[in-house]
Amino acid sequence: MNKAVFFKLFFTASLFFSGGLYAQNLESVGKENPLTITGGVSVNQIGYSVNGIESRRDPYSLYASGNVNFNLYGWSVPFTFTYSNQQTSFQQPFNQYGLHPTYKWITGHFGYASMNFSSYTLAGHLFLGAGIEANPGKFQVSAMYGRLLDAVEPDSLNSSTPPPSFKRMGYGLKAGYADGNDQLHVILFGAKDDVNSISYVPENEGILPEENLVMSLIGSKQLFEKLILKAEYAVSGLTRDSRADEVSLERNRLFGFTGGLFTPRQSSTYYTAFNTNITYQGNGYAFGVGYEKIDPGYKTLGAYYFNNDLENITVNGNTSIFKGKVNIGANVGIQHDNLDDSKVSTMRRVVGALNVGYAASEKLNLAVSYSNFQTYTNIRSPFVDINELTPYDNLDTLDYTQISQNASLNANYILQNERTKRQNLNLNLTFQDASDQQGGVDQNSGNQFYMANAAYSLSLVPQNLTVSASFNYNQNESMSISTTTMGPTLGVRKSLLDKQLRLGLSSSLNQSYTNGSIVNRVTNVRGSGSYSIKKKHSLNLSVVMVNRKSHTEGNASDFTEFTATLGYSYNFSTSKSGN
């Protein structure tokens, strides 16, 4: 089966399902209010000016977004969109739209969407195209086709330009049977770069046109009454350079049955991934055993990031004790890499995760967590949000860091909870130990991140008044550099005119230090107001002033930025009678 046949079958199935929907809709003709429309739209205009430096952005920006849901005789058709006259640094533009109709057991995705087949195949990658999910009883079918990445031309003269990329198209199919915990699915996912989508191949940047085909078998089985067995086996064929010469399929016979969906070349390699676990579910507790093995170099173009070259054997469990006041979840095991003995040394370690929740009293709640499993996460300091000029800054942030250790503590204490007065204290501490890459760029190894936040709030209910104060602390430790940012934030919120008018004012001052010397001071003041009319119309105005003073060695700067955002939103709900 070639790709053209695959796509024809996919869209034929879509038309077949759609035809079935219209036939079923006829049964409801004549009923009252067959069509209802709900949703909302918003438009925000942003004005910008700066004193002390050259302007860093356009003086005027427009952002619009909306969601509309049509319900026709039980057939739900939600539509979402976002639009901006600005572009972000990520390879996908901020301007997006999506249509996701649903009727009974079938859902369609048109425009921008993401789907999740499994962690080894298609795992939440954004695409522009079409998808379908059908669950007619115990049989399930999901399919997608679309653009995974847009073409980005190489531009070595402009550092703000995103890394070059080829136009990448992808397709996927997941089909199987599900009856409670008895499930079996077959997954097929493929993607290929268009080598002619950009003017030349940027080999000096290590970017080559790739091709990928992943096949997976995933399922679960209920054993006896309380045992559940789950497993997935995946095989990935990856061509690092689709311009390489074609070769025979002797190196991997499995890919000889793909019907032309994958072209083996000299740069093609083949990998496997496998995981399984068995869990026993008791009354108020559960425990299980898991095993995972991922070949060195395993990769799927259906996921943004992926761990490979590892073997895990784990034991997990969770329970609730002391009449439900303490909830405990734990996972512990052994992990090692260098599965093909290609590295000079092998990393072996005990891995684990622990989550404990403790409801000490009606006023005090504690939560503690720790994990040293390797995961990808975005290190986002709270000061990014505190100092941003608009809510539309940093919209598409994919600067991920591989975290090897993560620990956190959260404590929430209710000082007072009366009808007229409420007081609350919150403390959050986080520690993260990162590996030596961030956003694909080598860093000094052994980076540690320490984050702390302490907050207090006071609400005077009759006056519709809330006062809050917080202190944020952020520290980043590497081999030779220690950076620290800290500072307080004060805020007040007030509602007037029977809560139709809401006003807010806040200010923060935070300072940054490098190896003990101050390098940056940021002061900001924010004012906001919103007015609601009949719960459908809303006018919003916010004004932000941010002053930044830098004290780096041999260079000093002092500038102030101003932004004003005027927004309007409308929420609606209409119905039309069939009479």
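Two residues are said to be in contact when they have heavy atoms within 4.5 Å. This is a predicted model, in which local features need pLDDT of at least 70 and side-chain atom pairs count only at pLDDT 80 or more, while totals for chains, interfaces and linings use all residues. Residues are numbered from 1 along each chain as its sequence is written, and side-chain values use heavy atoms, with hydrogens and water left out.

Start with Tyr120. Leaving aside neighbours within four places in sequence, Tyr120 is in contact with Val214, Glu232, Ala234, Ala273, Phe274, Asn275, Glu292, Ile294, Tyr298, Thr300 and Phe306.

In soluble globular proteins, nonpolar side chains tend to be buried together. Buried means under 20% relative accessible area, exposed over 50%, and partly exposed in between (1.4 Å probe, protein chains only). A nonpolar core is a set of buried Ala, Val, Leu, Ile, Met, Phe, Trp, Tyr and Cys residues joined through side-chain atoms within 4.5 Å. The largest such core here has 21 residues, and Tyr120, Phe189, Ile294 and Tyr298 have the most contacts inside it. Strands (DSSP runs of E, at least two residues, numbered from the N terminus) contribute to this core: β6 (106-116), β8 (139-149), β10 (182-194), β12 (227-239) and β13 (268-281) each supply at least two residues. The most comes from β10, with three residues. Apart from this core lies another, of nine residues, including Leu188, Leu213, Met215 and Leu261.

Not counting residues up to four places away in sequence, Ser118 touches Ala123, Ile187, Ile218 and Glu232.

Next come the aromatic rings. Rings of Phe, Tyr and Trp (its six-membered ring) pair if their centres lie within 6.5 Å; planes under 30 degrees apart count as stacked, over 60 as edge-to-face and the rest as tilted. By this rule there are 10 aromatic pairs. Phe262 and Tyr270 form an edge-to-face pair, 6.2 Å centre to centre with 70 degrees between the planes. Phe262 is buried at 4% relative accessibility, and Tyr270 is buried at 18%. The pair of Phe274 and Tyr291 is tilted, because the centres are 6.3 Å apart and the planes are at 50 degrees. Phe274 lies in β13 and Tyr291 in β14 (residues 285-294), so this pair ties together parts 17 residues apart in sequence.

Finally, turn to the surface. Val350 lies in strand β17 (residues 348-359) and counts as exposed because its relative accessibility is 56%.

Note on methods
Helices (H or I, at least four residues) and strands (E, at least two) are DSSP runs, numbered from the N terminus.
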